[in-house]
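Take a look at the sequence and the model below.

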Amino acid sequence: MGNKDFTEDKNIILDVYKTSFKKYGPCPMGITWGTKKSQTDRFKVLTEISDLKKSSILDFGCGMGDLYGYLSKNTDVDLDRYLGLDINDVLLAEAGKRYTEASFVLRDILKDPFASDEKFDFVFASGVFAISTPNWKDFTYQLLDELFRSCNKAMAINFLTTYSKTGTGSNYVDPCSIFKIACDRYSTKLVMRQDYKDNDFTMYIYKA
């Protein structure tokens, strides 16, 4: 597959989110979520991956930091460490205003990957892979490679499913194809969740 730059893909994603934020402002629709409920429904499923108490967490594509807000308000999790990463400086600025006690960093992990000793217990990526881009497959798989390498215990990721294709400009994924990729590249210790929304599925991939 090789190491590509993926500048075009990143610029498309940035344009989608910056346009949405400019139109709707700092709310779920401003980061392309339909409603607050749809956002929190996904957070609930993602964070059911395991007991997160005293864990270190990487929130990849953190946007306005709402996963951190969800964890703070809806669970008794006492995190050891939380780090939110994004390539969108506008959303990160909003995250910093909302959650002053959390850490948010502008970072492209394909250009600036984590060191071998810089790992997190759990990695989360919610809504990150929903935008259709020219090199979506290679781009996504390289991101997943880096995210899985950066976790000690497991990662939780979600996708839009081809079994309920409803919008334009979004990327819909066959759950079976992601299941196979996960087994081939990462681990056969995994769980797929399709029990919470018609147009979405979540996968937990655990370190063997």
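## Strands, cores and a buried asparagine

Strand E2 pairs with strand E3 (residues 103-106) in the parallel sense, over 4 bridges. Within that pairing, Leu 85 has Val 105 in E3 as its bridge partner. The model is a predicted one.

E2 also pairs with strand E1 (residues 56-60), again in the parallel sense. That pairing has 5 bridges. Here Leu 85 in E2 is the bridge partner of Phe 60.

| Strand pair | Sense | Bridges |
|---|---|---|
| E1 and E2 | parallel | 5 bridges |
| E2 and E3 | parallel | 4 bridges |

How enclosed is strand E2 (residues 81-86) by the rest of the structure? It is largely enclosed, because 5 of its 6 residues are buried.

Next, the nonpolar packing. In soluble globular proteins, nonpolar side chains tend to be buried together. The largest nonpolar core in this model has 40 residues. Phe 129, Leu 147, Met 155, Ile 157 and Phe 159 have the most contacts inside it. Elements that give two or more residues to this core include helix H1 (7-24), strand E4 (120-125), helix H6 (175-185) and strand E8 (200-206). E1, E2 and E5 are also among them. Helix H5 gives the most, with 7 residues.

Leaving out residues up to four places away in sequence, its contacts include Phe 129, Trp 136, Thr 140, Leu 144, Val 173 and Ile 178. Asn 199, Asp 200 and Phe 201 are also touched by Phe 159.

A second core is separate and has 24 residues. Tyr 68, Leu 92, Phe 104 and Tyr 206 are included in this second core.

Asn 158 sits in strand E5 (residues 151-161). Is Asn 158 buried or exposed? Its relative accessibility is 2%, so Asn 158 counts as buried, the cut-off being under 20%.

Which polar partners does the Asn 158 side chain have? One is the side chain of Ser 126, joined by a polar contact of 3.0 Å. Another is the backbone nitrogen of Gly 127, which lies 2.7 Å from a polar atom of the Asn 158 side chain.

Beyond four places in sequence, Asn 158 is also in contact with residues including Arg 42, Leu 46, Ala 125 and Phe 129. Tyr 196, Asp 200, Phe 201 and Thr 202 are contacts of Asn 158 too.

Key. Residues are numbered from 1 along each chain as its sequence is written. This is a predicted model: local features need pLDDT of at least 70, side-chain atom pairs count only at pLDDT 80 or more; totals for chains, interfaces and linings use all residues. Side-chain values use heavy atoms; hydrogens and water are left out. Buried means under 20% relative accessible area, exposed over 50%, partly exposed in between (1.4 Å probe, protein chains only). A polar contact is a pair of N or O atoms within 3.5 Å; within protein, one must be able to donate a hydrogen and the other to accept it, and residues adjacent in sequence count only if both atoms are side-chain atoms. Contact means heavy atoms within 4.5 Å. Two strands pair if DSSP finds at least two bridges between them. A nonpolar core is a set of buried Ala, Val, Leu, Ile, Met, Phe, Trp, Tyr and Cys residues joined through side-chain atoms within 4.5 Å.
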